[in-house]
Amino acid sequence: MEKAAYIFLAVTVLATLTACVNSQTPDEDLNSGSSSSSSISSSSSSTTSESSTTSSTAPEPEIPDGEPTFLICPDGTPVYTSEISETYRFDEKMGEKDPITLEQAEQFAKEGSEFSVRCDGFAYGFTSEETLSCIDNPELFKKSDSGRYFEFLGEEFNENTFEGKYSTDYTRIKVGDKFGTLTVKSAYTLFSQQAQNRAEGEDFSDVPGVYLSGAEVEFDGETEMTGYVVIEPMDALYGEGGVMRFIPDNDSSLIIPKFDYFLNKNARCVCHFPHANSSGYCGTAYNIGNMFEVGCDTSGLHAGDFFVRVKVVLGDIKCTFGDLNRCDAELKSIEVL
């Protein structure tokens with residue numbers, strides 16, 4: 001089953017790389033995370049990741065102004081009234097937002113009907129999970145008979161028994177936060193009935209993050225990463241091709257927003273875990289533009305290239321979760337290693 005995927009990197013040069021370059025064509029869509037119907041894990045353990053410990057000397061978290069609301073974030077803290085930018089319902093007939101009060105939103109939540117609450121200035125995310133690929137981990141991937149696709153041979157994450165590696169650890173990302181050479185330029189979080197509606201036959205409103213249905217983080221600055229690039233082949237009929245996806249190594253990681261919902265008799269959590277797709281990797285990829293249209297030198301690369309090891313400099317990075325799940329970046333430079 002083809003899946004979508006997107007994100008990050010590490011620094012590992014393999015002697016077998018040249019055997020894979022141009023040997024396959026990439027999937028039409030390499031972005032992962034748009035569906036969790038066949039989510040997988042790279043680990044056989046059936047526990048959550050270790051929680052980070054907090055030093056006894058760490059300062060007390062700052063409490064926002066206003067009053068706590070019924071909306072609970074993934075880390076268990078409530079959204080405060082001062083953090084809310086918009087509260088509304090969407091009028092499909094008119095194609096516009098109808099403002100509502102927070103009290104109305106809470107009542108709609110209890111009734112199971114539609115509402116939306118937007119909070120600007122923060123989002124929740126995590127540092128990318130381990131990236132696995134057919135280059136670095138050939139034993140975990142099997143080519144299809146056609147040679148176009150890959151089957152992931154690692155242990156599948158079982159959503160019914162909740163066995164496999166997953167994590168409920170999330171970090172609050174605020175405008176102005178710095179991550180290496182990058183600074184958070186903007187961030188928002190969207191809460192709605194959408195997530196709760198995924199549950200059947202039980203009230204999961206007490207699960208931290210259950211109403212979280214969208215988030216976005218945008219960074220200022222540039223960062224250097226290493227990893228692999230996969231380039232869409234040329235279409236003989238339409239003359240299209242050249243779209244690049246960048247798959248970072250494990251040493252190159254950014255904090256990104258992404259959420260999976262487990263609301264059933266076996267599990268009650270909003271969490272994250274690695275997603276594999278049919279393009280020969282398990283992890284996230286960045287959309288970095290078309291090799292024929294970007295404003296930097298792409299010599300040494302060709303449409304149809306498959307897992308070419310590169311060093312890139314990326315800027316204007318934006319990661320979005322919700323109706324659209326993807327990470328985009330402007331390619332400043334790319335060098336074949």
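Which residues touch the most other members of the largest nonpolar core? The legends below start with that point and then move to other parts of this predicted model.

**Figure 1. The whole protein chain is shown as an overview of the predicted model.** The chain contains two helices and 22 strands. Of its 337 residues, 49% are buried. The accessible surface is about 16,300 Å², and carbon and sulfur atoms account for 47% of that area. Taking contacts between residues at least 6 apart in sequence, 75% join residues at least 24 apart.

**Figure 2. The largest nonpolar core has 60 residues.** Phe115 and Ile317 are the residues that touch the most other members of this core. Strand S21, which covers residues 308–321, supplies the largest share, with seven residues. In soluble globular proteins, nonpolar side chains tend to be buried together.

**Figure 3. Phe115 is shown with the residues that it touches.** Residues up to four places away in sequence are not counted here. The partners include the aromatic residues Phe70, Tyr88, Phe108, Phe191 and Tyr211. Leu71, Ile100, Ala105 and Ala109 are also touched by Phe115. Arg89, Ser192 and Gln193 complete the list.

**Figure 4. An open sheet is formed by three strands in the order S10-S6-S16.** The pairing in this sheet is antiparallel. Strand S10 (171–174) and strand S16 are the edge strands, and each of them pairs on one side only. Strand S6, residues 122–127, is joined to S10 by four bridges in the antiparallel sense. In this region Gly125 stands opposite Thr171, a residue of S10.

**Figure 5. Asp249 lies in the loop between strands S15 and S16.** Strand S15 spans 243–248, and strand S16 spans 255–256. Is Asp249 buried or exposed? Asp249 counts as buried because its relative accessibility is 4%, and the cut-off for buried is under 20%. The side chain of Asp249 reaches the backbone nitrogen of Gly227 at a distance of 3.4 Å. Gly283 is 34 residues away from Asp249 in sequence, while the two C-alpha atoms are 9.8 Å apart in space.

How values were computed
Residues numbered from 1 in each chain as written. Predicted model: local features only at pLDDT ≥ 70, side-chain atom pairs only at ≥ 80, totals over all residues. Heavy atoms only, no water. Core = buried A, V, L, I, M, F, W, Y, C linked by side-chain atoms within 4.5 Å. Buried < 20%, exposed > 50% of the residue type's maximum accessible area, 1.4 Å probe, protein only. Contact = heavy atoms within 4.5 Å. Polar contact = N/O pair within 3.5 Å; in protein donor to acceptor, adjacent residues only side chain to side chain. Pairing = 2+ DSSP bridges. Areas by Shrake-Rupley, 256 points an atom, 1.4 Å probe, with all protein chains shown as cover.
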